[in-house]
Amino acid sequence: GGIVSRPIKREFGNRDIPSWATGAGGEKFIDITYQVGDGMAKISINRPQVRNAFRPQTIIELQEAFSLARDNTEVGVIIFTGTGDEAFCSGGDISGMGGAAGPLTTTAERVADLTHKQVTLTQRLFELDKLTIAALPGAAAGAGLSIALACDLRVAADSAFMVTAFANIGLSGDYGGTWFLPRLIGLAKAKELYYTADRVTAAEAARLGLVNKVFADASFRLDAFAYAKKLANGPTQALSRMKKNLNAGLDQSLTASLALEAQHMIASGGTEESREAIRAFMEKRPPRFDRGEPAS
């Protein structure tokens, strides 16, 4: 059930990839990197020495990065990934687990602390107005799988895999995986993957609907960014409203969904984005969207 090191070198050949996408520039963080370009924000967990396992510091930095991307009107899509080739995220850093409870001495305090961390990481990611894509160069394990499932879409390198992993260390699971997984693949299969902690290859994940695209290892990052850029070049305000409709529809009545659709349809129709999309459609040309227009 552990993660196996795979020293695969990703090559981009002569095809163009923006410098920001390969790690140049960006905001200064300790555990993550944050960069913006081509209508996208790239957020990477940058702890390859522990296969991008996250710790409390990582969550704090991700909260800031989510806020930066949310408030940037030039960003339509967030691509969320991990540094290196071995892992997207191997979950919470377990190096401190099994020891003393530290300053949180009561069960209630520890439950409240974990609940807050979950809400501010996977729930906030799930509810972001911007489209989110998890790009998996390698393993998504444990809470790392939960983070990937909280995104709108997932793309994976051919040799990447997913694993719930919690049963391997005698834990029941956190960060929303037991909420996300049954909604994506059904309750029975979700139970199987949690109970057995079996690895799911990228190909099998695609068959189950857990990932949307699988790309070759050698060109994974380039292909993942091309996939994200296609969405970033689209009507991102309308796509954001689609996201709200789809997420809300999981837990509300048809009547409520129809009302929300009507609200968002009328709001979309009043935007310059929609007017430009209609002009482009009529003129048989690609639309040219102004990313400085705030969403309403």
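Biologist: What should I know about the model before we start?

Modeller: This is a predicted model, where local features need pLDDT of at least 70, side-chain atom pairs count only at pLDDT 80 or more, and totals for chains, interfaces and linings use all residues. Residues are numbered from 1 along each chain as its sequence is written, and side-chain values use heavy atoms, with hydrogens and water left out.

Biologist: What makes α3 oblique to α4?

Modeller: The axes of α3 (residues 143-150) and α4 (residues 177-185) come within 9 Å and cross at roughly 55 degrees. That angle makes α3 oblique to α4, because under 35 degrees counts as roughly parallel, over 145 as roughly antiparallel, 65 to 115 as roughly perpendicular and the rest as oblique. Axes are lines fitted to C-alpha atoms, for helices over the stretch in contact, with angles from 0 to 180 degrees between N-to-C directions. The helices themselves are DSSP runs (H or I, at least four residues), and strands are E runs of at least two, numbered from the N terminus.

Biologist: Which residues make that contact?

Modeller: Ser146, Leu149 and Ala150 of α3 meet Gly177, Phe180, Leu181 and Leu184 of α4, where contact means heavy atoms within 4.5 Å. They divide into 5 nonpolar, 2 polar and no charged; Ala, Val, Leu, Ile, Met, Phe, Trp, Tyr, Cys and Pro count as nonpolar, Asp, Glu, Lys and Arg as charged, and the others, Gly among them, as polar.

Biologist: Why are α2 and α3 called roughly parallel?

Modeller: The axes of α2 (residues 107-127) and α3 cross at roughly 20 degrees and come within 8 Å. The two helices are therefore roughly parallel to each other. On the α2 side the contact uses Leu121, Thr122, Leu125 and Phe126, and on the α3 side Ser146, Ile147 and Ala150.

Biologist: And how do you know how α8 runs against α9?

Modeller: Their axes come within 10 Å and cross at roughly 175 degrees, which makes α8 roughly antiparallel to α9. The contact residues divide into 4 nonpolar, 5 polar and 3 charged.

Biologist: What lines the second largest pocket?

Modeller: There are 19 lining residues, and the closest to its centre are Phe126, Cys151, Asp152, Leu246 and Asn247. A pocket is an open set of points on a 1 Å grid where a 1.4 Å probe fits, with protein on both sides within 12 Å along at least five of seven lines, and lining residues have an atom within 4 Å of a point. α8 gives the most to this lining, with 5 residues.
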